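Please look over the sequence and the model shown below.

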Amino acid sequence: MRILLVEDDAALSLGIGRAFEREGWRVDVLDDGQVAIAEGLATAYDVAVLDLGLPRRDGMEVLRHWRGRGARMPVLLLTARDELHDRVLGLDAGADDYLTKPFDVPELVARVRALKRRADGRIDDLVTVGELALDLTHRELTYRGERVRMSPREIALAQLLMQRCGRVVPKESIVSTLSSWESDFSENSVEVYVHRLRKRFAELGVVIKTVRGFGYVLEPSTPDSPPA
Ligand code: CA
C-alpha cells in the first residue's frame, strides 16, 4: 500500500515514516501544503495522513483541493489543536478520521490500516467514463455492461487515467503506480502499456491523448475528437 504523509515536524514525520515502512508500506513524505495539493492529485495513494498546520497551505486547504478535484483516497488528519471546531471542519471537508497530537504511533498505524480496509470494502467504488465503468472493488472493467478482459496492470493504468479523466496524468505517476508489479519498470515501458491501452480504449469510445514531455490525458471521444 502506498501512503502520502504530509507533516512539517521533521522528527515526527521520520518516526511515522519508519513505522509505516516497518508495515511494508511505501511512504512519500512532504512537509509543504502547496506541494501536497499537487502530489495528492497526481498520484494514486491508498491513504493520506495530513497534518493541519503546514507551511504555505494549511491541511484544511489541502484537503478541500483534493476533494474538490476528485481525489478520493481516505484522509486521516493530524491536529495539534485539540479543538472540536477543527475536527468538525475537517470531517465536513471530507476527512475520514483524525488523531490529536500527541498520539501513539501504533495507534496511527492501526487507524491507517482500518481506513484502508474500509476503503477496500466500499461498494460504491465505481469510476465511469463514457460507457466504460471500472469497479474498483472487484478490479473489473465493463463496456455497456459487458466485461472487458484486461491484465491487472492494464486495469491499474485504466484506473489511474479514468479517475483523472480530463486531467493530465504525469508519466512519473504511471511509473510509480505500475512499478509495484515490476521493479525495473521504466518510462519506456509506460509507452508500451499506454499504446496497448490506447488501442483497446479507442474501440470503446475513449481516447488517450499524449501531452508531449509530460504525460497522458483520457477523454471520452466525441465526433470532433477522432482517436489520436
Ligand atoms: Ca505542523
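Which residues coordinate the calcium ion? In this predicted model, the donors are Asp-8 (OD), Asp-51 (OD) and Gly-53 (O), at 2.2 to 2.3 Å. Along the chain these donors follow the spacing D-x42-D-x1-G. Asp-8 sits in the loop between β1 (2-6) and α1 (10-22), while Asp-51 belongs to strand β3, so the pair ties together parts that are 43 residues apart in sequence. The two aspartates can also be described by their accessibility. Asp-51 has a relative accessible area of 4%, under the 20% limit, and therefore counts as buried.

The largest pocket has a volume of about 860 Å³. Its lining has 34 residues, and those closest to the centre of the pocket are Ala-44, Tyr-45, Asp-46, Gln-159 and Gln-163. Four helices each supply at least two residues of this lining: α2 (33-42), α5 (105-120), α6 (152-163) and α7 (171-178). Of the elements, α6 gives the most to the lining of the largest pocket, with 4 residues. By residue class, the lining of the largest pocket divides into 13 nonpolar, 9 polar and 12 charged residues. Both domain 1 (2-119) and domain 2 (126-220) take part, each giving at least three residues to the lining of the largest pocket.

The second largest pocket has a volume of about 160 Å³. Its lining consists of Lys-171, Glu-191, Val-194, His-195, Arg-198, Thr-210, Val-211, Arg-212, Gly-213, Phe-214, Gly-215 and Tyr-216. Two or more of the lining residues come from each of α8 (187-202), β11 (206-211) and β12 (215-220). Helix α8 has the largest share of the lining of the second largest pocket, with 4 residues. By class, the lining of the second largest pocket divides into 4 nonpolar, 4 polar and 4 charged residues.

The backbone remains. Most residues other than glycine have a negative phi, and most peptide bonds are trans. Against that background, where does a cis peptide bond occur? A cis bond joins Lys-101 and Pro-102, with omega at about -5 degrees. Pro-102 lies in the loop between β5 (97-100) and α5, and α5 is also one of the helices that supply residues to the lining of the largest pocket.

For Arg-56, which is not a glycine, phi is near 70 degrees. Is Arg-56 buried or exposed? Its relative accessible area is 60%, over the 50% cut-off, so Arg-56 is exposed.

Arg-144 likewise is not a glycine and has a positive phi, of about 45 degrees. This residue is found in the loop between β8 (140-143) and β9 (146-148). Arg-144 has a relative accessible area of 55% and therefore counts as exposed.

Terms used
Residues numbered from 1 in each chain as written. Predicted model: local features only at pLDDT ≥ 70, side-chain atom pairs only at ≥ 80, totals over all residues. Heavy atoms only, no water. 1 Å grid on protein atoms, 1.4 Å probe; cavity = no way out; pocket = protein on both sides within 12 Å on 5 of 7 lines; lining within 4 Å. Points joined across faces, edges and corners; volume = space filled by probe spheres on them. Nonpolar A, V, L, I, M, F, W, Y, C, P; charged D, E, K, R; others polar. Domains from an automatic or database assignment. Buried < 20%, exposed > 50% of the residue type's maximum accessible area, 1.4 Å probe, protein only. Donors = N, O, S within 2.8 Å, 3.2 Å for Na, K, Ca; no water.
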